[in-house]
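Let's take a look at how two protein chains meet, and then at a few spots inside one of them. Here is the structure to follow along with.

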Amino acid sequence: MNAVAGPGGIGVLDLQGGVQEHLDHLRRVGVSAWPVKRAAELDGLAGLVIPGGESTCLSRLLTIFGLDEAIRRACGNGLKLWGTCAGTILLARENVGETPSLGLIDIAVSRNAFGSQLDSFNREALVPAVAREPIPLTFIRAPKIVRVGEGVRVLLQLDDYVAAAEDDRILVTVFHPELTPSLAFHRYFLRKCGLNPAGADDAGLDPDWTPLSWTRFTHHV
Amino acid sequence: MAENRYLLNAQLAQMLKGGVIMDVVNVEQAQIAQEAGAVAVMALERVPADIRRHGGVARMSDPGLIKAIKEAVTIPVMAKARIGHFVEAQILQALKIDYIDESEVLTPADEDCHIDKTRFEIPFVCGARNLGEALRRIAEGAAMIRTKGEAGTGNVVEAVRHMRTMNREVRQLATMPAEEIMGFAKVNGIPYELALEVKKLGRLPVVNFAAGGIATPADAALMMQLGCDGVFVGSGIFKSSDPVRRAGAIVRATAYYDDPGKLLEVSMDLGDPMPGLDVANMPNEDRLAGRGW
């Protein structure tokens, strides 16, 4: 857990939120994955996941020790980024009614667009670029992507909003693939990072995953 | 509650990990907490230190106040219901807040029964002093646990005691031969299936925050190093001399809990912490942690 990130591995921004869940999924697809808390730990990474959590909290913590500038610089140098839920809010260039944070992808997001926790939900959808079969999606106090700019491809449109999109450097999903047994989006991100994920069937659910798999990456005393 | 709804509720708590949940008594404090980087606010009429001072019966806050706070922030809003007061919980669910804390800080409404949380769609967090208490609440439907500590004292000693007790009991279970588990479950009032789950995981099967007496960035980092997943700060922020600075410092200390250099940096020049209370000589009737079982 505290090991140093190796070259070509994937980092998970470890300031707050669903860090262990992403580490668990990334290890399942056979890639070296490490928590990242400090600017120096970005060196040599192929990709960085910005997990779900609370976007105001994450945006404050990003600025305090200069991680925001380091991530912008690394992205300019080829680091691929993936934001889930709050991570999408942080990466968006426009955040309706709020100040944008990293502002690295030309989309507009509306924060907490579905309502309270009682409006959180699961559903399934086919995302043709990512998997051949429909995959389970988990939305928790999710934002909506309400506009995508030129150069941004829509991966999944649902009802009145975009749920997943990407440009050449950045993937954004307003839902949480790391909270489901589906590894499809993690494999997709690894391919985007130029890595070869384990497992041929990209639509497959991991039979060994449980809702408590994340606990193996927590700090046991 | 359907199984997928319970899972969504436990997963919201997962998204709060590594964060600080702050008690707030008005819209202005809620906005300060959000700006400082709180992952959620606990909306209430009085912080625990004032509940202690006022005495009398402490009840669910006026829903009008909770509603105003809900409208003022985008982060999750929690509110407290009395132990066993399932109608206060029904009202809070109708208000569509994000999480209910069935809390010993309020005066219990039922000394025998906690709320049957499985009857609700909304998630619950409950306090616990040890593994058995935590697992009884989970069996009743709680999607998140917190240590009870001793709220409103600014004294972290009870939160440490409760966290160490849980850790010790988890370790005992983890190394226990199978034939001893039923006896351990019996003595500690633990549902057997949950004892097996804890043995397998080596930890609680839900997110576990520390609460009750956290007043400084060092307190927050101490609880994180003791293995909790995040912290609640009740009176500790808005009863200090500089809430804005202290709130931000505790958020940073919780994120960088294992980095003494950064803890040093964030601990400087914060003004006076809340005044503390000695717990060792506190009479039992003043202790909030003894409420509920």
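## A hidden threonine

B:Thr147 counts as buried, with a relative accessibility of 0% (buried means under 20% relative accessible area, exposed over 50% and partly exposed in between, using a 1.4 Å probe and protein chains only). Keep in mind that this is a predicted model, where local features need pLDDT of at least 70 and side-chain atom pairs count only at pLDDT 80 or more, while totals for chains, interfaces and linings use all residues. Residues are numbered from 1 along each chain as its sequence is written, chains are lettered from A and ligands numbered from 1 in the order in which they are written, and side-chain values use heavy atoms, leaving out hydrogens and water.

You'll find B:Thr147 in strand β6 of chain B, residues 144–147 (helices, H or I with at least four residues, and strands, E with at least two, are DSSP runs numbered from the N terminus). A polar atom of the B:Thr147 side chain sits 2.8 Å from the backbone nitrogen of B:Ala211. Beyond its neighbours within four places in sequence, B:Thr147 is in contact with several residues, including B:Ala128, B:His162, B:Met166 and B:Phe209 (contact means heavy atoms within 4.5 Å).

Now for α2(B). B:Asn26 caps its N-terminal end, with a side-chain oxygen 3.2 Å from the backbone nitrogen of B:Glu28. After the helix comes B:Gly37, which has a positive phi, near 105°.

Which residues of α2(B) are buried? They are B:Gln29, B:Ala30, B:Ala33, B:Gln34 and B:Ala36. These residues lie on the same side of α2(B) because they cover an arc of only 165° around the axis (the arc is that of the directions from the helix axis to the C-beta atoms). Their packing partners include α2 (55–64) of chain A, plus β1 and α12 of chain B.

## Where the chains meet

The contact draws on 52 residues from chain B and 43 residues from chain A. Together the chains bury about 3900 Å², 57% of it on carbon and sulfur atoms (buried area is the accessible area, with a 1.4 Å probe, that two parts lose on being put together, summed over both). B:Met15, B:Lys17 and B:Tyr256 supply 18% of the area that chain B buries against chain A, more than any other three residues.

There are seven salt bridges between chain B and chain A (a side-chain nitrogen of Lys or Arg within 4 Å of a carboxyl oxygen of Asp or Glu). One of them joins the side chains of B:Asp98 and A:Arg141, at 3.0 Å from N to O.

Technical notes:
A polar contact is a pair of N or O atoms within 3.5 Å; within protein, one must be able to donate a hydrogen and the other to accept it, and residues adjacent in sequence count only if both atoms are side-chain atoms.
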